[in-house]
Amino acid sequence: MKRRELLRGAGLAAVATGLAACGARPEGAADGAATASTGRLQWKMVTSWPTNFPGLGTGAARLAAMITAASGGRLTIKVYGAGELVPAFEVFDAVGRGTAEMGHSASYYWKGKAAAAPFFCAVPFGLNAQEMNGWLYEGGGLEIWRELYAHFGLVPFPAGNTGVQMAGWFRKPVDSLADLQGLKMRIPGLGGEVMARVGATPVNLPGAEIFSSLQTGAIDAAEWVGPYNDLAFGLHRAAKYCYYPGWQEPGPTLECMVNKAAFDALPQDLRDIVDTCCRAVNDAMLAEYTARNQQALDRLVREHGVQLRQLPDDVLLALRRASDKVLEETAAADPMARRALDSMRAFQAQAKAWHAVSEEAYYATRG
C-alpha cells in the first residue's frame, strides 16, 4: 500500500506546477503532453511491430500498460503499431523530433544514422541475451548507448530480448557457401553486411512484409526472429527450410527509446518508473520466448513438415571470418563504434571465461 501511495502521490504537485508555469512543452517534446490541472501526462508510443504481434507487439503493449499502472495513471501510454502513426522504420526519427514521446524497436535498424547503433541490439557471433544484459546494465554498455543517442535527442532503455534467433528461412537448401551467391535475403543490421561479404544480397524489410516477399520470390530467404514469431507470420507457408544457429542475432536486445526533452521533464519518480518497467519487460520477454519457441518449433516440424537444418560448417566459418572483418572495419571508421566494440569484446572475454566453468560446464554435466 505504501508503495502504491508513493507512486500515485510523489511528484504530482511538481508535475502540475512545473507544467503550468512553463505553459508550453519542452522543445522536442511531443504534443501528447500533460493536463496542467491534473498533472497527468498522455504519451504516444510508436513501434516497429504489428499491433499485438506475439512477443514483440505484445511486449510493447505490456510496457505501456505497466507504466500506466505503476504511475497510477499519471503517465498514460497509447501504443501505435507499425504504420498506424509512422512507418516501422521511422520510429527513431519520430521519437527524436517529438511526433511521439516513446518508441519500441531495435537499434540495428538505425545503422544508417549511427554506425554504432547495431552494437546495442545484435552483433554477429557476439553476446547472448544473458551477456547482453550483463554488458548493458553492469559492463558500461548502456552508458555508451545513451551517449550515442543523446546526439539524436533520445534516451534508450533495454526493453526486451528474444534470445538466440534462427539463421533464417530459405526457399532452397543451403548445402555449401556457393548456395549463398546472389541469394536475396531479408536480414538487417551488421548481419546483412556480413551476408553481403559472402556473396548474398541483403534486403531490409519490416516484419509485416516478409511473408509476401518470400512467397512471391521477391526474396529467396529471410531471418525474422524464431519459431514463436515465425509461426505467427506463417513463414513456413513460403519456405520449408529453416536453418540454425542464429549467428547473426545471438542476443538481440529490443529498445524503448524516449524523447529526451520529454523524459527530462518528468519528475524523478516517473523516470524511475519508466526505467523499472523497461527492466521488467526486458526480463519478461526473454522468459516468454524461452517458453514458447520450442513449442512452436515442434508444431512447425511435426504439423507443417518444415525441414530443420544446421548451417554447414564451411558456411559458418565463412560467416565468422566475414563478421570479424565487418566489425573491425565498422569500428575503424567510427569512434563510437570503436568504443562499443572494444567494450563489448572485453566483457565477452570475461563472460566466456566464467561461463566455461559455470553455464557450459553445467550443460555438459546435465547432458
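How do the residues of the lining of the largest pocket divide into nonpolar, polar and charged? I looked this up first. I found 15 nonpolar, six polar and seven charged. Here Ala, Val, Leu, Ile, Met, Phe, Trp, Tyr, Cys and Pro count as nonpolar, Asp, Glu, Lys and Arg as charged, and the others, Gly among them, as polar.

I note that this is a predicted model, where local features need pLDDT of at least 70, side-chain atom pairs count only at pLDDT 80 or more, and totals for chains, interfaces and linings use all residues. Residues are numbered from 1 along each chain as its sequence is written, and side-chain values use heavy atoms, with hydrogens and water left out.

Next, the terms. On a 1 Å grid over the protein atoms alone, a pocket is an open set of points with protein on both sides within 12 Å along at least five of seven lines. A cavity is a set where a 1.4 Å probe fits but cannot get out. Lining residues have an atom within 4 Å of a point. Points are joined across faces, edges and corners, and a volume is the space filled by probe spheres set on them.

I read about 830 Å³ for the largest pocket. Its lining has 28 residues, with F125, G126, N128, E131 and Q348 nearest the centre.

I then checked the second largest pocket, which holds about 240 Å³. Among its 15 lining residues, T162, G163, V164, Y289 and N293 lie closest to the centre.

Last, I found three cavities of 30 Å³ or more. The second largest cavity has about 80 Å³ of space.
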